[in-house]
Amino acid sequence: MSLSPLAAPAQPTLTRLGGNIGAEIHGITLSPDLPEQDIDFIYRAMLEHKVIFFRRQTLDSAAQEQLGARFGTLVSHPTVASAKGTNHIFELKARKGRAANTWHADMTFMSSYPKASILRCIQPAPYGGATLWANTVTAYQGLPKPLQELADRLWAIHTNDGYDHTDLVAERDWEFVQWSANVFAARVFESRHPLVRVHPETGEKSLILGNFIKRLADFNLPDSRALLELFLSHATRPENTLTWHWQTGDVAMWDNRATLHRAVADFGDFPRLLQRVTLVGDTPVSTDGQESEQIINAQPNPRVLLETPHHWAERPQG
């Protein structure tokens with residue numbers, strides 16, 4: 001009796017989502033036990049397309065951490081405790097319609113910030129709550145030559161102290177302002193990065209931008225803000241961006257060295273829950289070979305905000 005040959009396993013496929021950024025991968029069920037060729041396929045796709053997506057996945061928190069470790073060493077957030085029962089997961093749990101709806105790259109207040117992040121949707125909002133990504137490589141490439149030359153020479157100070165998570169949070173949401181100051185910025189980190197870094201794996205030049213920037217080095221605040229808005233306007237042009245509308249089980253993985261991202265806080269007071277792991281990154285290098293540096297490293301923040309709006313006190317020592 002002759003036996004039919006075994007069918008070869010299906011090969012993963014990739015669909016581009018935007019002209020300059022984003023792709024969706026089909027044919028891979030994410031798990032910590034993926035074969036090495038699938039891990040390599042995913043990572044190379046991320047480097048090329050900057051952010052990649054998977055629909056209808058079934059990871060839990062433990063599997064997400066284990067999968068993340070296949071791509072590198074996991075790193076926890078330096079000030080916010082990891083989600084209960086996990087070692088490295090940063091939980092994005094929306095309350096009162098809050099979302100990080102300002103452009104940023106993860107943890108750029110560290111001199112060696114994460115190279116990549118993996119985000120999993122547990123509970124999408126019933127409407128709204130999308131996330132946008134921007135390609136900071138094509139943003140740099142699209143700059144007029146004089147702006148490229150200017151960007152190549154600029155450096156910026158990044159900090160977690162005073163970071164504006166959301167442009168919707170005002171004095172009316174003092175609870176969130178308190179959390180930002182008393183938890184997120186309980187220990188202060190400041191780093192000095194070039195505005196343009198050279199990617200260590202692709203060799204591409206990309207802009208380091210976002211709301212962790214306090215100011216440009218050697219510039220006053222008005223000039224700093226004007227220049228940063230100019231560069232950010234190029235990075236976030238529609239041609240450089242992609243919008244992803246979350247469904248339960250979706251997973252996104254992006255190159256944190258070549259993108260910015262932000263949420264859209266348009267889901268009312270409905271809950272929205274996602275979990276993220278991040279991978280240890282390298283120290284950025286400027287176009288002329290200088291490395292980023294840590295200026296302030298985990299310095300206790302001397303100020304604590306009180307429950308009464310606009311009131312603060314000295315942080316207890318010890």
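Strand β7 (residues 131-135) pairs with β13 in the antiparallel sense over four bridges; two strands count as paired if DSSP finds at least two bridges between them. The model is predicted, so local features need pLDDT of at least 70 and side-chain atom pairs count only at pLDDT 80 or more, while totals for chains, interfaces and linings use all residues. Residues are numbered from 1 along each chain as its sequence is written, and side-chain values use heavy atoms, with hydrogens and water left out. The chain contains six helices and 19 strands; these are DSSP runs numbered from the N terminus, helices being H or I of at least four residues and strands E of at least two.

**Overall composition**

- Of the 318 residues in the chain, 53% are buried, where buried means under 20% relative accessible area with a 1.4 Å probe and protein chains only.
- Among contacts between residues at least 6 apart in sequence, 83% join residues at least 24 apart; a contact means heavy atoms within 4.5 Å.

**Strands and sheets**

- Strands β13, β7 and β15 form an open antiparallel sheet of three strands, in the order β13-β7-β15.
- Because β13 and β15 (259-263) are at the edges, each with a single partner strand, one side of each is left without a neighbour in the sheet.
- From one strand to the next, the twist averages 20 degrees; axes are lines fitted to C-alpha atoms, and angles run from 0 to 180 degrees between N-to-C directions.
- Elsewhere, β2 and β3 run parallel and are joined by two bridges, and Ala23 stands opposite Ile52 in β3.
- Strand β3 is covered on both faces, with Val51 and Phe53 buried on one side and Ile52 and Phe54 buried on the other.

**Aromatic pairs and charges over rings**

- The structure holds eight aromatic pairs, a pair being rings of Phe, Tyr and Trp (its six-membered ring) with centres within 6.5 Å; planes under 30 degrees apart count as stacked, over 60 as edge-to-face and the rest as tilted.
- The pair of Phe53 and Trp244 is stacked, because the ring centres are 4.0 Å apart and the planes lie at 5 degrees.
- Since Phe53 belongs to β3 (residues 51-54) and Trp244 to β13 (residues 241-244), this pair ties together parts that are 191 residues apart in sequence.
- Phe53 is buried at 0% relative accessibility, and Trp244 is buried at 5%.
- Phe53, Trp133, Trp244, Trp246 and Trp254 are linked into a cluster by ring pairs.
- The charged end of Arg192 sits over the ring of Trp155, 4.3 Å from its centre; this requires NZ of Lys or CZ of Arg within 6 Å of the ring centre and within 35 degrees of the ring normal.
- Likewise, the charged end of Arg276 sits over the ring of Phe90, 4.5 Å from its centre.

**Nonpolar cores**

- The largest nonpolar core has 27 residues, and Leu30, Ile42, Ile52 and Phe71 have the most contacts inside it; such a core is a set of buried Ala, Val, Leu, Ile, Met, Phe, Trp, Tyr and Cys residues joined through side-chain atoms within 4.5 Å.
- Elements that each supply at least two residues of this core include α1 (36-49), α2 (61-69) and β6 (116-123).
- Helix α1 provides the largest share of this core, seven residues.
- Leaving aside residues up to four places away in sequence, Ile42 touches residues including Ile25, Leu34, Phe54 and Met253.
- A second, separate core of 23 residues includes Trp103, Leu147, Val196 and Ile213.

Conventions: Buried means under 20% relative accessible area, exposed over 50%, partly exposed in between (1.4 Å probe, protein chains only).
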